[in-house]
2 protein chains.
Amino acid sequence: MSSTQILPVRTESTPPALNASPLETGWQRQGKLWSNLRELCEVLRIPASSASLIADEELLFQHVQFKTGQRIHTIGQPFDALYIVHSGFLKTVLIDEFGNEQVLSFPMKGDLFGVDGIHTRRYASEAVALSNCDLILLPFKKLTALGRIHLEFEHSIYSVMSRELVREQAMISMLGALSAEARVARFLVSLSDRYADMGYSSRLFNLRMTRHEIGSYLGLTLETVSRTLSAFNEIGLITVDQRSIGIKDPEALKTLRRLPPSSARAKQVASRKARQQPREASQRSGAPCEAFPTAV
Amino acid sequence: MSSTQILPVRTESTPPALNASPLETGWQRQGKLWSNLRELCEVLRIPASSASLIADEELLFQHVQFKTGQRIHTIGQPFDALYIVHSGFLKTVLIDEFGNEQVLSFPMKGDLFGVDGIHTRRYASEAVALSNCDLILLPFKKLTALGRIHLEFEHSIYSVMSRELVREQAMISMLGALSAEARVARFLVSLSDRYADMGYSSRLFNLRMTRHEIGSYLGLTLETVSRTLSAFNEIGLITVDQRSIGIKDPEALKTLRRLPPSSARAKQVASRKARQQPREASQRSGAPCEAFPTAV
DNA sequence: CGGAGGCTTGAGATACATCAAGGATCGTGG
DNA sequence: CCACGATCCTTGATGTATCTCAAGCCTCCG
């Protein structure tokens, strides 16, 4: 509609080297350039049935596109807008004092990010495109103004922020309590679920991130991630071929707490302590199935 | 920053008569204390200078009291209100499928909790009083309605939620990247800072939580927490006597990444590998004080 | 005074990190 | 089109930080 959608990419600080891709497909042409409120709610997965919301057809939100490797925002940059992923994959990261990246999330379709910038008015994290992305730009002022007009929408804003908080709580719990195997398993399951939500296959998909990024996200090294995937493959839970993952036994992945002592690891254990007989030894955190009362 | 004014601030003295204690669900409303908007903003540490806010004197928020060990809300309980800590100490926890607690936070004066209930309309975590507590009850509907009247206050709501999100991001980063020693050190520093904010001594204070709870919060076992505190004590960073902590070297605690190879651990290392000469061994994560060399 | 948590400390086990080497993949330029 | 380098991934050998198990002490409270 409008003529202003030129603004293709606002690439700030020099992204790695990704100049020169003239023959790149026309990602600028693809995808929508504006969304109305109804579409916004739809992608956010929040009910937007209210007549007033649907009626607001002329209120539009601009889309912005980013290419693989480009930064959407950096740490410390003045905050002015939130983003919703319309298509594509990203990562958000924190940078520690040594320059090491710590991955916080992998936003994909329907996810909101940038919320951490509200408090200090500067983004607290950095968002990077892992693929070409189409994002919906949500100027914060515009958003809150809208919330005042549509009460239902206001609640949705709070709700989505709350959802993010709950997600991070689950993350903390996972990092604090689960084994490497359980973390990787849950990561795969959550990816699988997200793909299903987006209409892709939940059984066969491609990872958009490196082992290093997965490891950072899960609090593990890339070698441990790689080994764990290989182990899952060996016992038939999944198939792995580089970035391609096939989910073979979703149920087992969902409930996995520690790898069964058999399989690949058995040989290792056997060889290492052939003489020493370690009896049963599986207490406390327990094998996959174990009921426990107590607590508190 | 005293909240004197109108309010008789009772530092956690046992509230008089609390009818028995169903301990579950029921929060005893003592209904004696009320805060207006200005006081609310004050305890939340957000600017509330706007005339309109101060003017709203008759809009009052109810306080509720809880005794040590009581639950403010439990997981799955219908959500209707947020809480701000006016005085006292609490913990929020997640309960896993085996009934094990995972501590998420230790709310104290000025902290907001209950936000995780907005999304599903049920609390996603459980809040338990670690001491007698005086909380400000914030009915969610009342809160959002107020935000619509006072724009400045509306922004504050978003801001405080954002602050919580940033806090959790920092937590994730810590769990994913730091050693046990660094986690404990940072925990002590953050406690010290909070005590200072509240007007207590930042150098000498009492822990309100057990080693087990600290360990759960930091993703460690209680033994590791205990040992780490003992080690800090041995090298003079702190003094420890049960729940009483004295901060001796705040700067060292702030920058600590891993314990210097000397001290208690030295003897252990020495005895264990007397013959094998482990060179300097301080690469990568580096010793306590280390300028930022490379990285990235 | 006794019992129940809570804390400390030691010895040993192990899960994961670290170090290292080689193979697969892909974009780029000759 | 192929060779090349840069990543990325896999796998093995080894090290070690943290957990686990166990025992004893302390402190609070009925």
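Predicted model: local features only at pLDDT ≥ 70, side-chain atom pairs only at ≥ 80, totals over all residues.

Residues are numbered from 1 along each chain as its sequence is written, chains are lettered from A and ligands numbered from 1 in the order in which they are written, and side-chain values use heavy atoms, with hydrogens and water left out.

Chain B can be laid on chain A by a turn of 180 degrees and a shift of 0.0 Å along the axis, with an RMSD of 0.1 Å (a least-squares superposition on the C-alpha atoms of residues with pLDDT of at least 70 in both copies). This is the relation of a two-fold axis. The same surface serves both copies, since 94% of the contact residues of chain B recur in chain A, where contact means heavy atoms within 4.5 Å.

Across the interface, 47 residues of chain B are in contact with 47 residues of chain A. The area buried between the two chains is about 4,700 Å², of which carbon and sulfur atoms give 63%; buried area is the accessible area (1.4 Å probe) that two parts lose on being put together, summed over both. In chain B, the residues that lose the most area to chain A are B:Phe98, B:Tyr158 and B:Ile172, together 17% of what that side buries.

Between chain B and chain A there are four salt bridges (a side-chain nitrogen of Lys or Arg within 4 Å of a carboxyl oxygen of Asp or Glu). A:Arg257 forms a salt bridge with B:Glu97, the closest N and O atoms being 3.1 Å apart. Of the elements of chain B, α5(B) gives the most to the side that touches chain A, with 20 residues; helices (H or I, at least four residues) and strands (E, at least two) are DSSP runs, numbered from the N terminus.

Within chain A, five strands form an open sheet in the order β1-β2-β9-β4-β7, with antiparallel pairing; two strands pair if DSSP finds at least two bridges between them. β1 (34-36) and β7 (112-113) of chain A stand at the edges, each with a single partner strand, so one side of each is left without a neighbour in the sheet. Strand β2 (residues 60-66) of chain A is joined by four bridges to the antiparallel strand β9 (residues 133-139) of chain A, and A:Val64 stands opposite A:Leu135 in β9(A).
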